Amino acid sequence: MPRLTLLFLVALLASAARRGAVDASIVDGLEVGFYGQSCPDAEGAIRNVVNNEIGMNRGIAPGLIRLFFHDCFITGCDASILLDESPAGDVPEKESSANGFTLVGLRTIDIAKSTVEAMCPRTVSCADILAFAARDAAVAAGLPSYDVAAGRRDGMRSNMDDLPGNFPVPGHHVPRLTELFSQRGLTQEDLVALSGAHSIGGAHCFMFSNRIYGFSKDADVDPSLDPDYAARLRQVCPPKNPNNDPQQAPKVKFDARTGERLDAAYYSELLARRGLLTSDNALIEDTQTRAMVEAFARDEVMWQQKFAEAMQKVGMLDVLIGEDKGQVRRQCRLVNGQEQQQQPQPQQLQQQQQLPWFRPHFPWFRQRRPPRPFPHHPMGDLINGFFRGFH
């Protein structure tokens with residue numbers, strides 16, 4: 001094992017030992033500087049793409065962090081969330097109601113992959129690109145930089161049925177959140193630290209409308225919410241209507257104070273009873289997690305370190321390592337070999353050539369099946385995932 005890899009793993013495992021046992025789903029074998037010889041400019045190129053995209057749309061930063069978490073938490077960091085289609089014919093993860101139209105940053109990954117493929121064909125995996133991009137997004141939003149070990153291979157399956165019951169959602173409270181994180185080898189401290197990603201981005205109104213309308217028989221508004229904050233939310237969000245299109249629902253920032261900066265203000269907002277989601281507010285209702293919230297609110301440097309360590313641990317979940325596992329996709333949206341099946345017909349090519357903005361070297365421009373309609377479900381918990389980024 002290269003010395004740099006060994007040092008990285010020793011440091012990470014020593015840190016984990018201070019917090020408790022690490023589940024076996026965290027896989028050894030990744031290496032900092034993995035592409036130092038095969039594609040030395042890859043990380044810099046990915047960083048440039050991410051910074052350019054965020055410069056045009058600040059919502060890309062929370063979107064990429066969320067995309068990384070959603071990928072790794074289910075079947076591991078294998079870029080399965082990026083697949084448009086599964087070779088087995090399963091409906092892919094990205095079409096789950098926890099993802100769907102809410103995923104932000106897919107185009108950024110496409111551009112980064114195309115850029116790196118032009119430099120080093122069939123070398124840098126989509127799973128590694130996503131890990132680098134999530135780090136770069138966090139840094140662009142204000143977090144100090146941290147190392148990302150690489151060497152992941154891309155998975156060849158994606159199934160949205162893997163999500164239900166295995167994924168944290170906005171309606172969960174601390175016991176269930178802790179249980180889910182523990183199943184993935186992550187601690188309660190990791191849970192609270194990673195929740196700090198909610199200092200950027202935001203949520204659609206339907207994700208928290210149960211807290212500001214019809215909360216209970218005795219209270220229309222959740223009494224744990226700051227009354228002035230709840231009043232502002234009601235000004236933005238009308239009462240929910242089951243006939244409304246979720247994609248057109250208004251959005252609210254998680255952190256009204258520093259909503260475009262990844263910082264510890266999120267924890268101060270929680271203590272001021274201005275946590276947006278049920279899962280946010282739950283962190284101050286539990287004695288153990290409240291103590292962590294208070295500690296992070298006092299010491300931003302400590303939170304930055306814990307957040308980076310937790311992101312590194314997430315990036316090691318069930319990774320595929322070695323040439324006998326997975327593959328390095330040529331396009332992040334398709335398993336290798338599917339590209340030939342997706343070649344456009346002559347009539348489609350003629351239509352594309354008539355579009356002045358069409359760029360044939362962008363591999364994600366292709367005919368895809370129409371998106372599935374967003375399912376209306378009586379349980380808002382099932383509509384979205386844990387990290388919630390703006391469009």
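Helix α5 gives three residues, the largest share, to the lining of the largest cavity. This is a predicted model, in which local features need pLDDT of at least 70 and side-chain atom pairs count only at pLDDT 80 or more, while totals for chains, interfaces and linings use all residues. Residues are numbered from 1 along each chain as its sequence is written, and side-chain values use heavy atoms, with hydrogens and water left out.

Let's start with that cavity. A cavity is a set of points on a 1 Å grid over the protein atoms alone where a 1.4 Å probe fits but cannot get out, and lining residues have an atom within 4 Å of a point. Searching the whole structure turns up four cavities of 30 Å³ or more, and the largest holds about 90 Å³ of space. Volume here is the space filled by probe spheres set on the points, with grid points joined across faces, edges and corners. Its lining has 15 residues, and V148, R152, M311, Q312 and G315 lie nearest the centre. Both α5 and α13 (300-314) supply at least two lining residues each. Helices are DSSP runs (H or I, at least four residues), numbered from the N terminus.

Now look at how these two helices pack against others. Two packed helices are described by the angle between their axes and the distance between the axes. Axes are lines fitted to C-alpha atoms over the stretch in contact, and angles run from 0 to 180 degrees between N-to-C directions.

| Helix pair | Angle | Axis distance |
|---|---|---|
| α2 (residues 42-56) and α5 (residues 126-140) | about 50 degrees | 9 Å |
| α7 (residues 188-195) and α13 | about 110 degrees | 9 Å |

Angles under 35 degrees count as roughly parallel, over 145 as roughly antiparallel, 65 to 115 as roughly perpendicular and the rest as oblique. Therefore α2 and α5 are oblique to each other, and α7 and α13 are roughly perpendicular.

Which residues of α2 and α5 meet? From α2 come E43, I46, R47, V50, N51 and I54, and they meet I129, F132, A133, R135, D136, A137 and A140 in α5. Contact means heavy atoms within 4.5 Å. The residues of this α2 and α5 contact divide into eight nonpolar, one polar and four charged. Ala, Val, Leu, Ile, Met, Phe, Trp, Tyr, Cys and Pro count as nonpolar, Asp, Glu, Lys and Arg as charged, and the others, Gly among them, as polar.

Definitions and conventions
1 Å grid on protein atoms, 1.4 Å probe; cavity = no way out; pocket = protein on both sides within 12 Å on 5 of 7 lines; lining within 4 Å.
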